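Subject: Structure handover

Hello,

Here is the structure for your files. My notes on it follow below.

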Amino acid sequence: TALACMFRRFFCWRAQQSCSSSRASPELSQECPAMVKMTKSKTFQAYLPNCHRTYSCVHCRAHLANHDELISKSFQGSQGRAYLFNSVVNVGCGPAEERVLLTGLHAVADIYCENCKTTLGWKYEHAFESSQKYKEGKFIIELAHMIKDNGWE
């Protein structure tokens, strides 16, 4: 019901306030069960709360981002359309390198799924043009590599 979902969202928000890392230790995940749950076989696989719409890796279904972290759907990746997110989970970061993208010169680092090692997109490390500074620290994930999970209708 709507009331139950509102309660879960509040609980998830409270858990996020007290949990500081998406790569929590098993001890921390027991303290904050709504925020992050760890599996014993996949040390770095974090699970986002079930009360939110999420995006997952299309190849292995590892959670990647919460819909609330979505900034824009109008980005272009190397393989087609992409979304810009404030934060992501279950991704590793490669070394930063300078690339000339559609919007100018940026220092970016490729990001990959920690579970299946598929390259998903990139992280903006530095924007050289002042109009592009808002992208710094944000993440691009290509639509070809993610799927919608939890509560999409």
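The mean pLDDT of the protein is 77, with 65% of the residues at 70 or more; pLDDT is the predictor's confidence in each residue, from 0 to 100. This is a predicted model, in which local features need pLDDT of at least 70 and side-chain atom pairs count only at pLDDT 80 or more, while totals for chains, interfaces and linings use all residues. Residues are numbered from 1 along each chain as its sequence is written, and side-chain values use heavy atoms, with hydrogens and water left out.

Where pLDDT is low, the predicted coordinates should not be read in detail.

The protein has 2 helices and 9 strands; these are DSSP runs, H or I of at least four residues for helices and E of at least two for strands, numbered from the N terminus.

An open sheet is formed by 6 strands in the order β3-β4-β8-β7-β6-β5, with antiparallel pairing (two strands pair if DSSP finds at least two bridges between them). The edges are β3 (70-77) and β5 (91-101); each has a single partner strand, so one side of each is left without a neighbour in the sheet. A hairpin connects β3 to β4 through 2 residues, and 5 bridges join these antiparallel strands. Gln76 has Arg81 in β4 as its bridge partner, and Phe75 stands opposite Ala82 in β4.

The largest nonpolar core has 16 residues, and Leu64, Phe85, Val88, Leu120, Ile141 and Met146 have the most contacts inside it. Such a core is a set of buried Ala, Val, Leu, Ile, Met, Phe, Trp, Tyr and Cys residues joined through side-chain atoms within 4.5 Å; buried means under 20% relative accessible area, exposed over 50%, partly exposed in between (1.4 Å probe, protein chains only). Two or more residues of this core come from each of β1 (54-57), β2 (63-66), β4 (80-85), β6 (104-113) and β8 (139-142). Apart from it lies another core of 7 residues, including Phe75, Leu84, Trp122 and Ile140. Not counting residues up to four places away in sequence, Met146 touches Tyr55, Ser56, Val58, Leu64, Tyr83, Phe85 and Ile141.

Of the 153 residues, 42% count as buried.

Regards

Key: Contact means heavy atoms within 4.5 Å.
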